[in-house]
Amino acid sequence: MNAATTMLGQPKSVLDTPALLVDLDLLEANIARIAATCRHHGVGWRPHMKGHKTVEIARMELAAGAIGITCAKLGEAEVMAAAGIPNILIANQIVGPLKIGRLAALPADPIVAVDSLENAADLAAAGVARGRPLQVVVEVDTGMKRAGVAPGAAAVALVKAIGERPGLRFRGLIGWEAHTVTLADPGEKQQAVAGAVGLLTATAAACREAGCAVEIVSCGGTGSFPYCAMQPGVTEVQVGGAIFSDMHYRDHYHTDFPFALTLLATVTSRPTGTRIVLDAGKKAMSGDAALPRPLDLPALRQLRLSAEHATIELEAPSERPRVGDRVEFVVGYSDTTVHLHEDIVATRNGRIESVWPIAARGRLK
């Protein structure tokens with residue numbers, strides 16, 4: 001049993017540190033806001049779980065109205081399927097005999113992305129061998145310039161080829177308009193998202209004109225929300241990170257969701273009146289996309305992270321915080337912070353209500 005589970009009902013200050021915390025009131029409000037927005041626009045919500053990696057949070061999202069979940073990795077899908085989570089989309093390509101064999105063995109029968117004939121052929125062979133087709137969606141590059149087949153004719157050709165494979169069941173199209181997310185002006189972002197998603201929905205229309213049934217048109221993330229949900233022809237969005245929010249989403253993607261995820265650390269040294277040293281560094285909270293932000297401190301001049309420490313320099317000398325005091329940080333980027341921890345401590349009104357194992361932690365394959 002995790003030591004934190006013996007502290008249920010106690011204030012979060014009793015936790016050993018570093019400790020990853022989520023405020024349940026804020027988490028629930030963020031989940032409810034996304035679900036309500038999706039309902040308003042008549043689209044499904046299939047939240048990405050690559051950030052939270054936690055069965056309990058996936059269940060909260062489903063209870064709020066999510067139609068399923070999105071995974072980045074096959075290993076994540078295995079964890080979620082074993083927990084009974086339904087309707088799983090793996091929004092990346094599953095390549096090679098080892099992974100395809102695992103995919104075919106999954107009882108949950110997830111949907112997987114493809115963007116090449118070679119991968120489709122291998123998946124089809126696995127579907128034939130198991131006696132049940134594998135479900136696939138074709139990934140379309142709507143401007144991100146990562147994976148995905150070109151929109152229009154190239155995508156239609158791949159879809160038609162998939163339709164001729166007895167080991168596959170074609171479900172639809174996915175895309176990710178990531179190149180739009182850093183736009184600060186709301187009008188400019190809305191226009192850019194509409195343009196990118198328009199490539200996806202136009203491709204879906206072209207597939208239908210070619211005689212191919214398209215059930216799923218999936219896109220969207222926190223940085224393009226809510227504009228992704230507004231686009232005609234979209235059936236579902238994959239907004240995930242907004243349930244936590246963080247400094248990266250707030251400062252770089254210009255989102256306004258409250259910060260639900262924090263990191264609790266302890267002051268271990270005060271060498272000078274302006275310097276604060278804490279027991280949480282890069283191994284507890286990432287600074288790759290954005291630096292974490294300490295709460296309830298005087299004005300900062302600098303924050304730097306080393307492997308095991310955070311070092312803060314204040315603008316002016318201060319007696320507080322003292323050695324042994326606690327400091328809470330808004331995480332820099334939830335995706336690259338959560339996976340550093342074994343569990344998330346769920347709090348309400350400052351007291352420990354639950355401890356959730358990060359069940360898909362380390363499931364990178």
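**Salt bridges.** I counted salt bridges in this predicted model and got 18. My rule was a side-chain nitrogen of Lys or Arg within 4 Å of a carboxyl oxygen of Asp or Glu. Local features need pLDDT of at least 70 and side-chain atom pairs count only at pLDDT 80 or more, while totals for chains, interfaces and linings use all residues. Residues are numbered from 1 along each chain as its sequence is written, and side-chain values use heavy atoms, with hydrogens and water left out.

I looked up arginine 348 next. Its side chain meets that of glutamate 28 in a salt bridge, 2.9 Å from N to O. The two are 320 residues apart: arginine 348 is in strand 16 (residues 343-348), glutamate 28 in helix 1 (residues 24-41). I took helices (H or I, at least four residues) and strands (E, at least two) as DSSP runs, numbered from the N terminus.

Arginine 348 also forms a salt bridge with glutamate 353, with the closest N and O atoms 2.9 Å apart. I then traced the network: salt bridges link Asp25, Glu28, Arg348 and Glu353.

How accessible are these side chains? I called a residue buried under 20% relative accessible area, exposed over 50%, and partly exposed in between (1.4 Å probe, protein chains only). Arginine 348 is partly exposed at 21%. Glutamate 28 is partly exposed at 32%. Glutamate 353 is partly exposed at 38%.

Another bridge I noted joins arginine 275 and glutamate 313, at 2.8 Å from N to O. Arginine 275 lies in strand 11 (residues 275-278) and glutamate 313 in strand 14 (residues 310-314), so this bridge ties together parts 38 residues apart in sequence. Is glutamate 313 buried or exposed? I found glutamate 313 buried, at 7% relative accessibility. Arginine 275 is partly exposed at 29%.

**Aromatic rings.** I paired rings of Phe, Tyr and Trp (its six-membered ring) if their centres lie within 6.5 Å; planes under 30 degrees apart count as stacked, over 60 as edge-to-face and the rest as tilted. The count came to three aromatic pairs. The rings of tyrosine 249 and tyrosine 333 have centres 6.0 Å apart and planes at 70°, so I logged the pair as edge-to-face. This pair links distant parts of the chain, 84 residues apart. Tyrosine 249 is in helix 9 (residues 247-252), and tyrosine 333 is in the loop between strand 15 (326-330) and helix 10 (335-338).

I checked burial here too. Tyrosine 249 is buried at 6%. Tyrosine 333 is buried at 15%. Ring pairs join Tyr249, Tyr253 and Tyr333 into a cluster.

**Charge over a ring.** I asked for NZ of Lys or CZ of Arg within 6 Å of the ring centre and within 35 degrees of the ring normal. The charged end of arginine 33 sits over the ring of phenylalanine 257, 3.9 Å from its centre.

**Backbone.** Most residues other than glycine have a negative phi, and most peptide bonds are trans. I listed departures from that.

- Threonine 17 and proline 18 are joined by a cis peptide bond, with omega about 0°. Proline 18 is in the segment before strand 1 (19-23).
- Phenylalanine 225 and proline 226 are joined by a cis peptide bond, with omega about 5°. Proline 226 lies in the loop between strand 8 (216-219) and helix 8 (227-230).
- Asparagine 87 has a positive phi of about 55°. Asparagine 87 lies in the loop between helix 3 (74-82) and strand 4 (88-93).
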